[in-house]
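Subject: Structure handover

Hello,

Here is the structure I promised to pass on. Please look it over first; my notes on what turned up follow below.

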Amino acid sequence: MARRPAPPSASSGASRTMPAAKSTPRPSARRPRGAANRGSQERRVDVREWASGIRLSAFSVIMLSLVVLGAWVLVPTLGTFIDQRQKISALEQSIQVSEDQIAALEKERERWSDPAYITTQARERLYYVKPGEVVYLIDNDLDPAALPQQQGPVSDTLEETPSDWMPQLLRTLTSAGLSDTAAVSR
């Protein structure tokens, strides 16, 4: 983009020498106190002057509009593409899991075609025996560490519960109602 030279601004004209007829400063041209000090510290930028220096050719406008149009068209398509890629990868993983399960089932089917495996499974699962065999079933053949622990006694002293509970209840109620202070059980 080409820039054209900026037109002369009011600030550059103020630095020229004024004709002798106009020796009194105009009120709009007056600077407040300390403005001379600030003028040397910061430079004022006229926005209109800066904006007038930007020129856009028709080619630049067309290219900029094509870029905006392309972004407007491609951004939703890109989001859809990314979403579809994620779904495809999830489906590929589920296919891999299914293929692994199929392979395991085929191995098991091959094992079941073996007569020795069938015999072993019948003996272990269903407790089948051949005629004339004697089978001994052993209960509690587990490791002692795997067995559940026996529950210990609840208390060291045994108390017999009275078989008639009604007189015991009346005694407890009367003793609680007639006592002067509340007893705290510990």
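Let me start with one residue. Tyrosine 127 sits in the loop between helix 5 and helix 6. Its phi is positive, about 60°, although tyrosine 127 is not a glycine. Most residues other than glycine have a negative phi. Tyrosine 127 comes after helix 5. It counts as exposed, at 57% relative accessibility. The cut-offs here are: buried is under 20% relative accessible area, exposed is over 50%, and partly exposed is in between (1.4 Å probe, protein chains only).

A word on the basis. This is a predicted model, in which local features need pLDDT of at least 70 and side-chain atom pairs count only at pLDDT 80 or more, while totals for chains, interfaces and linings use all residues. Residues are numbered from 1 along each chain as its sequence is written, and side-chain values use heavy atoms, with hydrogens and water left out.

Overall picture

The protein has six helices and zero strands. From the N terminus on, the order is α-α-α-α-α-α. Helices (H or I, at least four residues) and strands (E, at least two) are DSSP runs, numbered from the N terminus. The protein has 186 residues, and buried ones make up 3% of them.

At 63% relative accessibility, leucine 137 is exposed. Leucine 137 and tyrosine 127 are ten residues apart in sequence. In space, their C-alpha atoms are 9.4 Å apart.

Helix 5

The buried residues of helix 5 are Tyr117, Gln121 and Ala122. Seen down the helix axis, these buried residues fall within an arc of 135°, so they line one face of helix 5. The arc is that of the directions from the helix axis to the C-beta atoms. Helix 4 is included in what covers the buried residues of helix 5.

Take glutamine 121, which lies in helix 5. Glutamine 121 counts as buried because its relative accessibility is 11%. Its neighbours within four places in sequence aside, glutamine 121 is in contact (heavy atoms within 4.5 Å) with Trp112 and Leu126.

The aromatic pair

The count comes to one aromatic pair. Tryptophan 112 and tyrosine 117 form it, edge-to-face, at 5.1 Å centre to centre and 85° between the planes. Rings of Phe, Tyr and Trp (its six-membered ring) pair if their centres lie within 6.5 Å; planes under 30 degrees apart count as stacked, over 60 as edge-to-face and the rest as tilted. Tryptophan 112 is partly exposed, with a relative accessible area of 31%.

Salt bridges

How many salt bridges are there? The count is two. A salt bridge is a side-chain nitrogen of Lys or Arg within 4 Å of a carboxyl oxygen of Asp or Glu.

One joins the side chains of lysine 87 and aspartate 83, at 3.7 Å, N to O. Both residues are in helix 4 (residues 58-112), four residues apart, so about one helical turn separates them. Aspartate 83 is partly exposed, at 34% relative accessible area.

Another salt bridge links arginine 123 with glutamate 133, and their closest N and O atoms are 2.9 Å apart. This pair links distant parts of the chain, ten residues apart: arginine 123 is in helix 5 (residues 115-126), and glutamate 133 is in the loop between helix 5 and helix 6 (165-178). Arginine 123 is partly exposed, with a relative accessible area of 32%. Glutamate 133 also counts as partly exposed, at 34% relative accessibility.

Over to you.
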